Amino acid sequence: MVKLIKEGSRVTDSKEWFDMWFEDKKSIISIMYSNMASDLAAGYDYFGKSIQDQKAEIQRYEDEFERQLDKFKTMSEDEVNRWCFYDMKKRGAID
C-alpha cells in the first residue's frame, strides 16, 4: 500500500483520485482474467465449477464497475474524486 496523503492535506487537494481508482479497477479485472487463464493452463476444466465461478465473479465485478461509472455521471468532478478516494481507502488500495 502507498501512503498518498501528506500530513494536513485534504481529499480535495488531489484531482487524480478518479484516475487512480479507474486504473486500480482495470488492474483488478486484468488480474482476474490472468488468474483464470493460469488455472486453465494448469488443466482446470473450462466447464468445471471453479472456472464457471470465476467467470461469474468477473462478470459481477465488471457489472459493478460499469454501475459505478454510470453513477459518476450525476456527480461533480470533486464529488467523484472524493468518492474514489474513500472507496480506495475502504478497500485498502491506499493508506
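A nonpolar core is a set of buried Ala, Val, Leu, Ile, Met, Phe, Trp, Tyr and Cys residues joined through side-chain atoms within 4.5 Å. Buried means under 20% relative accessible area, exposed means over 50%, and partly exposed lies in between (1.4 Å probe, protein chains only).

The model is predicted: local features need pLDDT of at least 70, side-chain atom pairs count only at pLDDT 80 or more, and totals for chains, interfaces and linings use all residues. Residues are numbered from 1 along each chain as its sequence is written, and side-chain values use heavy atoms, with hydrogens and water left out.

**Exercise 1. List the secondary structure elements of the chain in order.**

Step 1. Apply the rule: helices (H or I, at least four residues) and strands (E, at least two) are DSSP runs, numbered from the N terminus.
Step 2. Count them. The chain has 3 helices and 0 strands.
Step 3. The order is α-α-α.

**Exercise 2. Describe the largest nonpolar core and state which elements supply it.**

Step 1. Give its size. The largest nonpolar core holds 15 residues.
Step 2. Find the residues with the most contacts inside it. They are Trp-17, Trp-21, Phe-72, Cys-84, Met-88 and Ile-94.
Step 3. Trace the suppliers. Two or more residues of this core come from each of α1 (17–41), α2 and α3.
Step 4. Of its 95 residues, 24% are buried.

**Exercise 3. Classify the packing of α2 against α3.**

Step 1. Recall what is needed. Two packed helices are described by the angle between their axes and the distance between the axes.
Step 2. Know the convention. Axes are lines fitted to C-alpha atoms, for helices over the stretch in contact, and angles run from 0 to 180 degrees between N-to-C directions.
Step 3. Take the values. The axes of α2 (residues 49–72) and α3 (residues 77–91) come within 10 Å and cross at roughly 150°.
Step 4. Name the arrangement. The crossing makes α2 roughly antiparallel to α3. The cut-offs are: under 35 degrees roughly parallel, over 145 roughly antiparallel, 65 to 115 roughly perpendicular, the rest oblique.
Step 5. The crossing of α2 past α3 is right-handed. A crossing is left-handed if the near helix is turned anticlockwise from the far one by less than a right angle, and right-handed if clockwise.
Step 6. List the contact residues (contact means heavy atoms within 4.5 Å). Helix α2 brings Tyr-61, Gln-68, Lys-71 and Phe-72, while α3 brings Val-80, Trp-83, Cys-84 and Arg-91.
Step 7. Sort them by class. There are 5 nonpolar, 1 polar and 2 charged residues. Here Ala, Val, Leu, Ile, Met, Phe, Trp, Tyr, Cys and Pro count as nonpolar, Asp, Glu, Lys and Arg as charged, and the others, Gly among them, as polar.

**Exercise 4. Work out how α1 packs against α3 and against α2.**

Step 1. Begin with α1 and α3. Their axes come within 8 Å and cross at roughly 45°. The two helices are therefore oblique to each other.
Step 2. The α1 and α3 crossing is left-handed.
Step 3. Pick out contact residues. Among them are Trp-17, Phe-18 and Trp-21 of α1, and Cys-84, Asp-87 and Met-88 of α3. By class, this contact divides into 10 nonpolar, 1 polar and 4 charged residues.
Step 4. Turn to α1 and α2. They pack at about 165°, with axes 10 Å apart. These helices are therefore roughly antiparallel.
Step 5. Finish the pair. The α1 and α2 crossing is left-handed. Its contact has 15 nonpolar, 3 polar and 6 charged residues.
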